[in-house]
Amino acid sequence: MDIAKKVKRLLLEKNVTATRLAKKVGITQPAISYKMTNNSYSIEDLEKIAAALDCELEINFILNNGDKI
């Protein structure tokens with residue numbers, strides 16, 4: 001699942017609109033829509049989204065043997 005789909009699912013789980021998320025992270029609604037449509041997020045964006053929706057962000061590289069870095 002790509003990041004945009006995960007963000008959309010998170011919004012559904014938290015019952016938050018994209019417009020409300022944009023306000024919480026301090027960007028415009030068109031900017032959040034662009035990010036969601038184009039799957040274009042920086043790590044900083046994802047950190048802000050996680051904080052705004054009261055959840056943790058975990059980013060890993062997973063090796064072929066299953067080890068996470």
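A residue is termed buried under 20% relative accessible area, exposed over 50%, and partly exposed in between, with a 1.4 Å probe and protein chains only. By this criterion Asp 54, at 66% relative accessibility, counts as exposed. The structure is a predicted model in which local features need pLDDT of at least 70 and side-chain atom pairs count only at pLDDT 80 or more, whereas totals for chains, interfaces and linings use all residues. Residues are numbered from 1 along each chain as its sequence is written, and side-chain values use heavy atoms, with hydrogens and water left out.

The secondary structure of the chain consists of four helices and zero strands, where helices (H or I, at least four residues) and strands (E, at least two) are DSSP runs numbered from the N terminus. The order of elements from the N terminus is α-α-α-α. Along the principal axes, the C-alpha atoms occupy a box of roughly 40 × 25 × 20 Å. Of the 69 residues, 25% are classed as buried. Contact is defined as heavy atoms within 4.5 Å; among contacts between residues at least 6 apart in sequence, 41% join residues at least 24 apart.

In soluble globular proteins, nonpolar side chains tend to be buried together. A nonpolar core is here a set of buried Ala, Val, Leu, Ile, Met, Phe, Trp, Tyr and Cys residues joined through side-chain atoms within 4.5 Å. The largest such core comprises 14 residues, and those with the most contacts inside it are Leu 11, Leu 21, Tyr 41 and Ile 49. At least two residues of this core come from each of α1 (3–14), α2 (18–25), α3 (29–38) and α4 (43–52). Residues up to four places away in sequence being left out, Leu 21 touches Val 7, Leu 11, Val 16, Ile 32, Ile 49, Ala 52 and Leu 53.

In α4, the buried residues are Asp 45, Leu 46, Ile 49, Ala 50 and Ala 52. These residues lie on the same side of α4 because they cover an arc of only 165° around the axis, the arc being that of the directions from the helix axis to the C-beta atoms. They pack against α1, α2 and α3. The face turned away from the buried side of α4 carries the exposed residues Ile 43 and Ala 51.

Beyond its neighbours within four places in sequence, Lys 35 is in contact with Ile 27, Ser 40, Tyr 41 and Asp 45.

Most residues other than glycine have a negative phi. Asn 39, in the loop between α3 and α4, has a positive phi near 50° and is partly exposed at 33% relative accessibility.
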